[in-house]
Amino acid sequence: MDPVAKHKELCTLCGQCLEVCPMYEDIELIESLYAFLEGKAGIEPETLSLCLTCGLCAGACPEGLGLKMLISPARMKLVGEKGLGDRQTMVDPDAENNIFRKILEMAGLPEVPDYKAGPAPVVYFPGCAATYINTSMAEATVALLEESGVDYTVMSGLEYCCGAVSAGAGNPGPIQRKAEKNLKEVKRRGAKVLVTACPGCFKAFKEVYPRMFGEQDFEVLQVSQYLERLIREGKLVPKIPLDHRVFYHDPCHLTRGMGVYREARAVLEAVPGTELANKGPENSACCGFGGGVRISSPKKALNVASDRHRAAAELGCDLIITNCGGCMQNLIEAGAEKKLEVADLAEYLARSFGKDVARDDRKMLEMANRAYCLCIKDYEPPGGPTKKYK
Ligand code: SF4
Ligand code: SF4
């Protein structure tokens, strides 16, 4: 059944989806979406651009509907009518305004970092965000793979972009161009297990590629799942106590999108001295980064992230842990003026082995905002005039 017909049949207009939604509050949005999707009316692009694609609305809806199931096809329809804009092409690895290429040029980084790249049964796939923006995520994971003694290889660089973020932005080109090539390279390296950093890459390899090319003969795990396995098998035994009360921030596309939330918590509970404040995902919420909101409405995106800082502080935590590059970036930027530290799960675990990965948050944020200015014609950064970053 098409999404509009299903929504019309089951939705009671009870408004429970809007009670949890960080971005919308008008129930009339539902009728506007019906009308747009049925070709009876237009819609303001700004209306559609506010959705974080967090999935909170679907979780709150008694019928399992929510708003995202209408907004996502409406975005696709709009791209079909108006074509791709610079906000969509900036995540296309082959586009002139690709954000990751801009960052590696500005930072003077090599396109392919100097990690092990030969054949091995464990293939680590950091994805573009951990390769070029939150580089500490990849460095910490590699340090832990070394510590565990497993035979691993790293498949990174723009040529292996998974294409998932472009597809989510309404541009299926990259996933169609890259999926087969990526799968061939994973198999050429002899993978038994593919480990991804980014929840988007995880979905691409776990769900989207198999739909395109059938089931593959290697296992796909998100890094939290693989780290939990290494701890369970005794290949990683956290040693140095880390005395923190931590708040685990569930990345929407991992927890609600893929149902993975237990393993990261198990990793944190295995670190001596660490106390986990939120044991389950029940009250989890969005960081504000996703769905392109960080680039279309930066201030709103950072306000949503500030709510996560408040939630963590109310639970008496001194540290927020997450495991998604977008969440990391937004939570760090929202907390830049405050005291609550933000760390990646692998980065935190690595500290328990005496492996402190260097991180320069100020430089990372400046690079990201400068790249947004270069990639998007009308981008206004949240913290100052555009020219500051040009
Ligand atoms: S919660 Fe579900 S049933 Fe209620 S208004 Fe939202 S989509 Fe409709
Ligand atoms: S996906 Fe998130 S931001 Fe989008 S409508 Fe649902 S709750 Fe709101």
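Select Met328 to begin: leaving aside its neighbours within four places in sequence, Met328 is in contact with Asn134, Met137, Thr322, Val342 and Asp344, where contact requires that the C-beta atoms of two residues, placed from the backbone, lie within 7 Å. What you have open is a predicted model, in which local features need pLDDT of at least 70 and side-chain atom pairs count only at pLDDT 80 or more, while totals for chains, interfaces and linings use all residues. Residues are numbered from 1 along each chain as its sequence is written, and chains are lettered from A and ligands numbered from 1 in the order in which they are written.

Stay with Met328 and colour helix H19, residues 325-334, in which Met328 lies; helices here are DSSP runs of H or I with at least four residues, strands are runs of E with at least two, and both are numbered from the N terminus. Is Met328 buried or exposed? Met328 counts as buried because 31 C-beta neighbours lie inside 10 Å, the rule being that 20 or more other C-beta atoms within 10 Å make a residue buried, 12 or fewer make a residue exposed, and anything in between is partly exposed, with C-beta atoms placed from the backbone.

Next, select strand S7 (residues 319-322), which pairs with strand S5 (residues 244-248) in the parallel sense over 3 bridges; two strands pair if DSSP finds at least two bridges between them. Ile320 in S7 is the bridge partner of Phe247, and Ile320 also stands opposite Val342 in S8. Strand S8 (residues 341-344) runs parallel to S7, joined by 4 bridges.

Move on to the open sheet of 4 strands, with the order S2-S1-S3-S4 and parallel pairing. The edge strands, each pairing on one side only, are S2 (152-154) and S4 (219-222). Neighbouring strands of this sheet are turned by 25° against each other on average, direction ignored, with axes taken as lines fitted to C-alpha atoms, for helices over the stretch in contact, and angles running from 0 to 180 degrees between N-to-C directions. Then show helix H13 (residues 199-213), which packs on the sheet, touches S1, S3 (193-196) and S4, and makes about 165° with the direction of S4.

To walk across the strands, select these residues in turn:
- Tyr124, which stands opposite Val154 in S2.
- Val123, whose bridge partner in S3 is Leu194.
- Thr196, which stands opposite Gln222 in S4.

Select Cys201 now: apart from neighbours within four places in sequence, Cys201 is in contact with Phe125, Gly127, Cys162, Ala164 and Thr196.

Finish at the ligands. Around ligand 1, select the surrounding residues, including Cys11, Cys14, Cys17 and Cys61; a residue is near a molecule if its C-beta atom, placed from the backbone, lies within 6 Å of it. This shell has 7 nonpolar, 4 polar and 1 charged residues, with Ala, Val, Leu, Ile, Met, Phe, Trp, Tyr, Cys and Pro counted as nonpolar, Asp, Glu, Lys and Arg as charged, and the others, Gly among them, as polar. Ligand 2 is surrounded by 15 residues, of which Cys21, Cys51, Cys54, Cys57 and Leu67 are the closest. Helix H5 (56-60) and helix H6 (68-82) are the elements that give two or more residues to this shell.
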